[in-house]
Amino acid sequence: MRAVEIQEYGGPEVLRVVEAEAPAPGAGQVSIDVAYAGVNFADLKARADGYRVPALPFVPGLEVSGRVRALGAGVTGLAVGQEVAALTQGGAYADVAVADAVTVFPLPPGVDLRTGATLPTVLPTAYALIHTVGRLQPGETVLVQGAAGGVGTVLGQLASAAGAGAVHGVVSSAAKAEYAREHGYDEVFVTSSTATPSASFAKEVREATDGRGVDLALDPVGGETLRASLDSLAPFGRLVSFGNASGAQPWQVGQPDLYPLALSVSGFSILTLAQTSPAELRTLTERAFQTVVDGVVSLPVTAEFALPDAAEAHRLMETRTSTGKLLLRAHGADGATDLA
């Protein structure tokens with residue numbers, strides 16, 4: 001089979017296509033003939049900085065869709081040939097991937113393999129941010145950083161469907177702002193590359209909410225952007241951190257930040273939840289997938305690359321001009337299951 005390996009850290013050019021033996025599932029695991037693999041920002045951090053990489057060489061990729069190839073010992077409720085989506089701990093950039101059975105989900109009726117690849121990381125993350133961690137109530141206002149990305153696209157739709165009073169987004173370009181408005185956002189702020197985060201959106205958020213601020217802020221960026229998101233909160237507001245795309249040092253919040261307006265701060269990581277509480281992740285994911293079946297959410301695939309072109313997908317994502325979801329297409333997209 002083909003796999004895309006990181007053999008050294010660096011730019012997209014370090015992604016190398018190699019021939020490898022198809023992995024077999026261990027106890028409690030499932031191997032999958034990959035149809036599509038999702039491309040996530042965490043993959044770029046793995047390639048560049050070793051984020052969640054246990055050792056080199058390493059095959060990146062956190063989510064796939066495809067058909068069950070083989071079942072490991074003790075696995076029940078799945079069948080060889082069944083179409084599934086799966087969250088992996090790496091290894092998705094390949095024609096065959098292995099995942100723990102608890103993070104393998106049968107595709108709901110009417111959801112094809114291409115759509116299925118967009119679901120495992122983005123959809124449960126967005127669902128948790130709105131409903132489980134963020135606990136959005138009807139009439140409350142929301143602020144989302146990265147509103148035109150994969151998670152941001154789903155967040156706008158879920159917040160709108162949950163009855164948010166207003167859904168505000170922050171993006172980096174006018175084109176992304178237009179895209180976000182098509183996916184549930186009422187108002188979108190475009191940050192300036194020369195302005196500090198607080199100067200480029202916190203003041204605008206206050207003006208848009210008549211000085212009150214928002215009830216829920218969702219931040220995958222970290223650093224100064226996280227601080228500006230906190231500064232955008234209304235009394236009793238909640239901030240949820242779900243990433244550190246800025247690469248800034250971990251930020252700390254204390255009583256002086258929270259007491260004046262009775263604010264709260266929480267965090268979410270789907271990859272960590274998969275390790276610490278897979279049963280909770282499964283429940284969350286099943287609820288999230290239902291929103292696609294019900295037509296509440298759709299996540300456009302805005303670019304698709306053949307598996308050997310993974311470097312091009314990374315280059316596109318690094319430009320920060322992409323919207324929606326990027327996918328890699330593997331042999332399983334054509335129904336092939338005879339990989340060595």
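This is a predicted model: local features need pLDDT of at least 70, side-chain atom pairs count only at pLDDT 80 or more; totals for chains, interfaces and linings use all residues.

Student: Which residues lie nearest the centre of the second largest pocket, and how many line it?

Tutor: The lining comprises 13 residues, and L87, Q89, A99, D100 and T103 are those nearest the centre. Two elements, strand 6 (96-100) and helix 9 (270-276), each give two or more residues to this lining. Strand 6 gives the most, with three residues.

Student: What is the make-up of the lining of the second largest pocket by class?

Tutor: The lining has six nonpolar, six polar and one charged residues.

Student: Why is S31 called buried?

Tutor: Buried means under 20% relative accessible area. S31 has 1% relative accessibility, and therefore counts as buried. S31 is found in strand 3 (residues 29-39). Leaving aside residues up to four places away in sequence, S31 touches P23, P25, R67, V68, R69, A70, V96, A97 and V98.

Student: What makes L230 count as buried or exposed?

Tutor: The cut-off for buried is again under 20%. L230 stands at 4% relative accessibility, so L230 counts as buried. This residue belongs to helix 7 (residues 223-231).

Student: Which residues does L230 touch?

Tutor: With residues up to four places away in sequence not counted, L230 touches L239, W251, V253, D257, L263 and V265. As for A245, 15 residues apart from L230 along the chain, the two C-alpha atoms are separated by 17 Å.

Student: How do you know that the span of helix 4 is close to the expected one?

Tutor: The expected span is 1.5 Å times one less than the number of residues. Helix 4 (residues 150-161) has 12 residues, for which 16 Å is expected. From its first C-alpha to its last, helix 4 reaches 17 Å, which is close to that value.

Student: Why is helix 4 described as largely enclosed by the rest of the structure?

Tutor: Of its 12 residues, 10 are buried, so helix 4 is largely enclosed. The buried residues are G150, V151, G152, T153, V154, L155, G156, Q157, L158 and A159.

Conventions:
Residues are numbered from 1 along each chain as its sequence is written. Side-chain values use heavy atoms; hydrogens and water are left out. Helices (H or I, at least four residues) and strands (E, at least two) are DSSP runs, numbered from the N terminus. Buried means under 20% relative accessible area, exposed over 50%, partly exposed in between (1.4 Å probe, protein chains only). Contact means heavy atoms within 4.5 Å. On a 1 Å grid over the protein atoms alone, a cavity is a set of points where a 1.4 Å probe fits but cannot get out, and a pocket is an open set with protein on both sides within 12 Å along at least five of seven lines; lining residues have an atom within 4 Å of a point. Ala, Val, Leu, Ile, Met, Phe, Trp, Tyr, Cys and Pro count as nonpolar, Asp, Glu, Lys and Arg as charged, and the others, Gly among them, as polar.
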